[in-house]
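Please look over the sequence and the 3D structure below before reading the notes. The briefing after them is grouped by topic.

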Amino acid sequence: MLRIFKVVGESMLPTLQPNDVVITFRFKKLNSKDIIVLNTKSYGNIVKRISFVNKRVINLESDNKDIYSSSCNVTYSIKEVLGKVIFKINSKSVFLKWLSI
């Protein structure tokens with residue numbers, strides 16, 4: 001199933017900008033370096049890059065090394081993954097203004 005999320009914050013700069021919109025799909029197999037949306041108890045939905053993955057758990061990293069993100073110092077269950085980012089719409093896109101997202 002496709003899902004749509006709005007990016008909040010600067011932890012994924014320069015790859016993802018604040019207010020960009022990402023579209024995700026839930027794949028059975030995830031790989032290191034995939035960008036995902038994860039639902040966490042502590043932080044809610046977050047967008048991060050996978051730094052480590054096995055069949056049960058993942059570790060995350062931010063693309064913006066100038067900003068500390070405490071969500072990256074945690075091991076998460078792979079069950080918390082909502083989807084892998086397959087497409088992004090730039091926050092300055094006319095298409096987004098038309099969609100009113």
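What follows covers an aromatic pair, a surface patch, salt bridges, a strand residue and some backbone features.

This is a predicted model, in which local features need pLDDT of at least 70, side-chain atom pairs count only at pLDDT 80 or more, and totals for chains, interfaces and linings use all residues. Residues are numbered from 1 along each chain as its sequence is written, and side-chain values use heavy atoms, with hydrogens and water left out.

- Phenylalanine 27 sits in the loop between strand E2 (21–25) and strand E3 (35–40). Helices (H or I, at least four residues) and strands (E, at least two) are DSSP runs, numbered from the N terminus.
- With a relative accessible area of 35%, phenylalanine 27 is partly exposed. Buried means under 20% relative accessible area, exposed means over 50%, and partly exposed lies in between (1.4 Å probe, protein chains only).
- Not counting residues up to four places away in sequence, phenylalanine 27 touches Lys84 and Ile86; contact means heavy atoms within 4.5 Å.
- The C-alpha atoms of phenylalanine 27 and glycine 83 are separated by 6.9 Å, and the two residues are 56 apart along the chain.
- Lysine 84 lies over the face of phenylalanine 27, at 5.4 Å from the ring centre. A charge sits over a ring if NZ of Lys or CZ of Arg is within 6 Å of the ring centre and within 35 degrees of the ring normal.

**Aromatic pair**

- A pair of aromatic rings is described by the distance of the centres and the angle of the planes.
- A search of the whole structure finds one aromatic pair. Phenylalanine 25 and phenylalanine 27 form this edge-to-face pair, with 4.9 Å centre to centre and 70° between the planes.
- Rings of Phe, Tyr and Trp (its six-membered ring) pair if their centres lie within 6.5 Å; planes under 30 degrees apart count as stacked, over 60 as edge-to-face and the rest as tilted.
- Phenylalanine 25 is partly exposed, at a relative accessible area of 30%.

**Nonpolar surface patch**

- Leu2, Phe27, Ile86 and Phe87 make up a nonpolar patch on the surface, and their accessible area together is about 390 Å².
- Patches are made of residues with over 30% relative accessible area and no salt bridge; like charges are joined within 9 Å, and nonpolar side chains (Val, Leu, Ile, Met, Phe, Trp, Tyr) within 5 Å. Accessible areas come from the Shrake-Rupley method with a 1.4 Å probe, and for residues only the protein chains shown count as cover.
- Phenylalanine 87 belongs to strand E7 (residues 81–89) and is partly exposed at 48% relative accessibility.

**Salt bridges**

- Side chains of opposite charge can pair when their charged atoms come close.
- The structure holds three salt bridges. A salt bridge is a side-chain nitrogen of Lys or Arg within 4 Å of a carboxyl oxygen of Asp or Glu.
- Lysine 33 and glutamate 61 meet in one of them (2.9 Å, N to O). Lysine 33 is in the loop between E2 and E3 and glutamate 61 is in strand E5 (residues 57–61), so the pair ties together parts that are 28 residues apart in sequence. Glutamate 61 is buried at 19% relative accessibility.
- Lysine 84 forms a salt bridge with aspartate 34, and the closest N and O atoms are 3.5 Å apart. This pair links lysine 84 in strand E7 to aspartate 34 in the loop between E2 and E3, 50 residues apart. Lysine 84 is partly exposed at 22%, whereas aspartate 34 is buried at 10%.
- Aspartate 63 and arginine 49 meet in a salt bridge (2.7 Å, N to O). Aspartate 63 lies in the loop between E5 and strand E6 (75–77) and arginine 49 in strand E4 (residues 44–53), 14 residues apart. Aspartate 63 is buried at 18%, and arginine 49 is buried at 17%.

**Valine 85**

- Valine 85 is in strand E7 and is buried, at 16% relative accessibility.
- Leaving aside neighbours within four places in sequence, valine 85 is in contact with Val22, Ile23, Thr24, Ile35, Ile36 and Val37.

**Backbone features**

- Most residues other than glycine have a negative phi, and most peptide bonds are trans.
- A cis peptide bond joins leucine 13 and proline 14, with omega about 0°. Proline 14 lies in the loop between strand E1 (2–6) and E2.
- Asparagine 19 has a positive phi of about 75° and is also placed in the loop between E1 and E2.
- Lysine 33 has a positive phi near 85° and is partly exposed, with a relative accessible area of 47%.
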